[in-house]
Protein chains: 2
Amino acid sequence: MRESDLLEHIFQTSKALRRSDLVVIGPGDDMAMINLAGRRLLAGVDQLIDGRHVRLAVTPIHLVGRKAIARSLSDIAAMAARPVATLVAAALPPDFGVDRANQLFDSMRAVAEQYNAPIIGGDIAFHSDPSKPLVCSATVLAEPSATGPITRSGARPGDIVFVTGLLGGSLHPNGLGRHLTFEPRIDVALKLASTLGDDLHAMIDISDGLGRDASHIAERSNVQVTIDAARIPCNDDCDWRRALSDGEDYELCFAAAPNANVPGQIGGVQVTAVGEVRPAPGRASPDRARVVVQDGNRQLKADDLGWEHSSES
Amino acid sequence: MRESDLLEHIFQTSKALRRSDLVVIGPGDDMAMINLAGRRLLAGVDQLIDGRHVRLAVTPIHLVGRKAIARSLSDIAAMAARPVATLVAAALPPDFGVDRANQLFDSMRAVAEQYNAPIIGGDIAFHSDPSKPLVCSATVLAEPSATGPITRSGARPGDIVFVTGLLGGSLHPNGLGRHLTFEPRIDVALKLASTLGDDLHAMIDISDGLGRDASHIAERSNVQVTIDAARIPCNDDCDWRRALSDGEDYELCFAAAPNANVPGQIGGVQVTAVGEVRPAPGRASPDRARVVVQDGNRQLKADDLGWEHSSES
């Protein structure tokens with residue numbers, strides 16, 4: 001069972017979510033948006049688990065706390081929203097220690113405040129035995145920018161597909177690497193939204209790999225995304241295949257109108273056109289790829305490249 | 001190190017929380033309250049950990065999901081607020097199984113919707129190995145009622161202290177019991193707030209035991225609470241000492257003005273006067289109890305009775 005299937009199960013069977021007076025953007029995007037008597041609020045939650053998203057034994061503790069918050073902040077960037085506040089829950093091994101716990105939360109607080117989403121609430125609990133792993137969850141609240149939140153569902157045939165920064169190789173085999181130090185692209189996203197206005201059609205942050213994340217845009221927008229392998233901006237230490245599939249880059253992938261005046265960089269962060277949006281493949285199409293990578297003359301279905309964890313069952 | 005000390009450490013060193021334009025009620029109450037350009041929103045988070053708050057091996061899965069949400073809903077009751085929405089994060093053992101995962105989330109969704117706080121977002125992840133325990137966190141959002149949120153800090157000398165329902169014995173030695181089936185007292189709290197108006201001064205939900213939770217009111221309000229042991233409404237299977245200290249009742253404890261017209265029951269839930277509020281003990285007082293229990297002629301300091309977990313270090 002894939003994690004995303006589980007979430008789909010929850011949300012598809014929920015009648016309350018179809019109450020249009022409350023839920024403006026339901027589950028399935030980077031954040032949900034609710035309507036509080038005319039005031040719109042975005043909310044999303046993400047987890048950091050020792051052994052899954054970080055290896056506590058080899059990672060400086062302040063980078064563990066940093067990533068726990070930054071993962072959720074990246075979802076705010078994906079919606080081009082403005083951070084408001086953060087709530088944190090942490091389950092710690094009983095032998096975690098006062099000094100490390102303080103370091104962990106100091107680093108969480110620092111990164112949350114750096115991005116204007118101060119920690120307003122939290123819950124801390126200790127596991128019953130020391131073999132149990134650290135689990136942190138961070139819920140972030142945000143407000144839409146003047147041009148409104150950017151969802152995954154607005155891409156249109158003819159749009160150009162862009163990514164920010166460089167992709168791939170974020171997770172070093174030793175457990176360290178850029179996945180611990182990435183900058184959530186909140187400022188870049190807000191500048192994109194204000195510069196492009198209505199020409200910014202869809203956006204997502206690249207957490208699972210460009211192939212899989214672009215497929216989320218394609219599926220929600222009911223389109224196909226084609227990516228030119230040669231144009232994918234790769235980090236020095238990896239090729240386009242890894243840049244497409246590694247995940248944990250926390251850069252942005254977005255679709256903009258073909259005539260949009262997209263800058264080549266924003267605040268020092270490179271912006272690269274990597275492909276385009278086409279109509280969704282027909283039902284009769286034998287291989288209904290949501291994302292197609294063009295590698296010279298070859299075409300590769302890229303929907304399932306990337307990082308999706310499954311359970312054993 | 002106590003869990004509450006850790007949270008204090010985080011929040012006391014946070015400059016951003018003193019930005020009065022955002023944070024109306026900071027950490028330290030049942031929920032925080034922020035100000036979104038004039039619209040007030042309450043937010044809080046709580047966790048459910050296998051081995052700590054529930055024993056997965058002996059507990060029907062739908063009661064696990066129920067408690068994961070109901071714990072957080074009880075914080076909404078404590079503030080006499082109106083539920084808005086819920087976000088859930090769950091870390092599951094990899095062998096948890098599809099059926100149980102679906103049951104878990106169906107029960108979470110059902111209780112969230114029953115109390116008008118639909119699940120609008122979630123994150124699910126699997127642990128890297130089957131020995132790792134289930135950890136759920138639930139963040140709840142709420143709006144203050146017309147009379148505003150009721151905090152822990154408004155109790156005044158002369159107030160009468162009440163509790164709802166019956167206390168003690170919630171956690172059966174076999175792991176089951178009322179801690180799995182309690183009703184968050186949201187309706188009771190809203191009716192109290194509308195009936196008593198400005199006469200409802202302070203409130204908390206009883207999760208750690210009446211002694212410890214009343215001490216939170218006493219500390220935040222800078223008063224002393226005295227409780228008459230004979231008046232504590234006990235469940236059949238326990239005495240006043242357990243009713244004072246067991247915790248996990250998720251009933252309400254509140255302080256109301258002495259002339260307030262407090263009903264004897266609300267919607268079938270008994271409301272009982274158990275004590276009163278006095279001025280805080282002076283600095284020179286040798287035993288500066290925040291909560292004093294009167295048992296016949298004996299007086300007992302009850303601040304530390306109840307349920308506060310510590311780490312080993």
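B:Arg100 lies over the face of B:Phe96, 4.5 Å from the ring centre. A charge sits over a ring if NZ of Lys or CZ of Arg is within 6 Å of the ring centre and within 35 degrees of the ring normal. This is a predicted model: local features need pLDDT of at least 70, side-chain atom pairs count only at pLDDT 80 or more, and totals for chains, interfaces and linings use all residues. Residues are numbered from 1 along each chain as its sequence is written, chains are lettered from A and ligands numbered from 1 in the order written, and side-chain values use heavy atoms, without hydrogens and water.

**Charge over ring, chain A**
- The charged end of A:Arg100 sits over the ring of A:Phe96, at 4.5 Å from its centre.

**Aromatic pairs**
- Rings of Phe, Tyr and Trp (its six-membered ring) pair if their centres lie within 6.5 Å; planes under 30 degrees apart count as stacked, over 60 as edge-to-face and the rest as tilted.
- That rule gives four aromatic pairs over all chains.
- A:Phe162 and A:Phe254 are stacked, because their ring centres are 5.0 Å apart and their planes meet at 10°.
- A:Phe162 is in strand 7 (residues 160-164) of chain A and A:Phe254 in strand 10 (residues 251-256) of chain A, 92 residues apart.
- Strands are DSSP runs (E, at least two residues), numbered from the N terminus.
- B:Phe162 and B:Phe254 also form a stacked pair, with 5.0 Å centre to centre and 10° between the planes.

**Burial**
- Buried means under 20% relative accessible area (1.4 Å probe, protein chains only).
- A:Phe162 is buried at 10%.
- A:Phe254 is buried at 0%.
- B:Phe162 and B:Phe254 are buried.

Conventions. Helix = DSSP H or I, 4+ residues; strand = E, 2+ residues; numbered from the N terminus. Buried < 20%, exposed > 50% of the residue type's maximum accessible area, 1.4 Å probe, protein only.
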